[in-house]
Amino acid sequence: MIALIRYTFATMLHTQRYLAPLLLFTGLLGVLTVDGGGPLPPAYASSAGALFVCSTWLTMALMSLDAPSQRAVVVVTAGGRPLRVLLAVVGTALLSCLALMVLGLLFPLWTGDHEVTAPDLLLGVEAQLTCAFTGTAIGVLCSRPVFERRGYALAAALALVTGALFTQGMPPVNSLFTLMATTPDATGLLAPAGAMLALSAALLAASTAVAWFVAGRRE
């Protein structure tokens, strides 16, 4: 598995598929959080939203790194186990999101004027992990193994991202952002944020299972 993740990382760096999602993340982070003040939860909701969009795009890019013929070679090299290849892509996406999460946690503190507490930081970690898991889940579901046509995959991803962000009360993203925007006390948000994190992890597991099943049927 480690070798597959290293291969995926190397291919991503060589093809520079990470550049567009990274630029989008840094742009959104700068626009949404710069020169902020007051409680940290709203600022961390903004940085988590930027990571949500970025993780979706990055995962879709990682899922389409290899042409079908090259993917077949990778599967054979992995012992004929396509699930291992899929899990390596998911792992690469999540590791990339962890690196971006550090920036998402520190950038609002650097550019804004916030009073920082341990519950604030823990809430920020929960929010960003929730968005990373959910974005990765959407990216896996709206990828080449599930959608044969890129246009359909893009339309599905846009619909799911828009729905997750703006549908009132939709868990885990919109409901979490609503709580963070309206409740300045981070301590009271840790439990519901933890529930949203668990839900996002379940969504990622489900979307990975769906992608593996559909890809297996087609192959």
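Predicted model: local features only at pLDDT ≥ 70, side-chain atom pairs only at ≥ 80, totals over all residues.
Which side chain of opposite charge is nearest to Asp 120, and how far away is it? Select Asp 120 together with Arg 17: Arg 17 is that nearest side chain, and it is 38 Å away. Asp 120 is buried, yet it has no salt bridge.

**Around Asp 120**

Remain at Asp 120 and colour helix α6, residues 118-141, in which it lies. Next, display the side chains that Asp 120 touches beyond four places in sequence: Leu 40, Pro 41, Tyr 44, Glu 115 and Ala 186.

**Confidence along the chain**

Now colour the whole protein by pLDDT. The average is 90, and 96% of the residues score at least 70. Among the elements of the protein, α6 has the highest mean pLDDT, at 96. The lowest mean, 72, belongs to helix α4, which spans residues 68-77.

Select helix α5, residues 82-111.

Leu 87 has a relative accessibility of 37%, so it counts as partly exposed. With Leu 87 they form a nonpolar patch, and together the four residues have about 340 Å² of accessible area.

**Two backbone sites**

Most residues other than glycine have a negative phi, and most peptide bonds are trans. The two final stops depart from these patterns.

Go to Gln 16, in the loop between α1 (2-15) and α2 (19-33). Its phi is positive, about 60°, although Gln 16 is not a glycine. The residue counts as partly exposed because its relative accessibility is 47%.

Finally, select Pro 171 and Pro 172 and inspect the bond that joins them. The peptide bond from Pro 171 to Pro 172 is cis, with omega near 0°. Pro 172 is located in the loop between α7 (150-166) and α8 (173-182).

Note on methods
Residues numbered from 1 in each chain as written. Heavy atoms only, no water. Helix = DSSP H or I, 4+ residues; strand = E, 2+ residues; numbered from the N terminus. Buried < 20%, exposed > 50% of the residue type's maximum accessible area, 1.4 Å probe, protein only. Lys, Arg positive; Asp, Glu negative; His and termini not counted. Contact = heavy atoms within 4.5 Å. Patch = residues over 30% accessible without salt bridge, like charges linked within 9 Å, V, L, I, M, F, W, Y side chains within 5 Å. Areas by Shrake-Rupley, 256 points an atom, 1.4 Å probe, with all protein chains shown as cover. pLDDT = per-residue confidence, 0-100.
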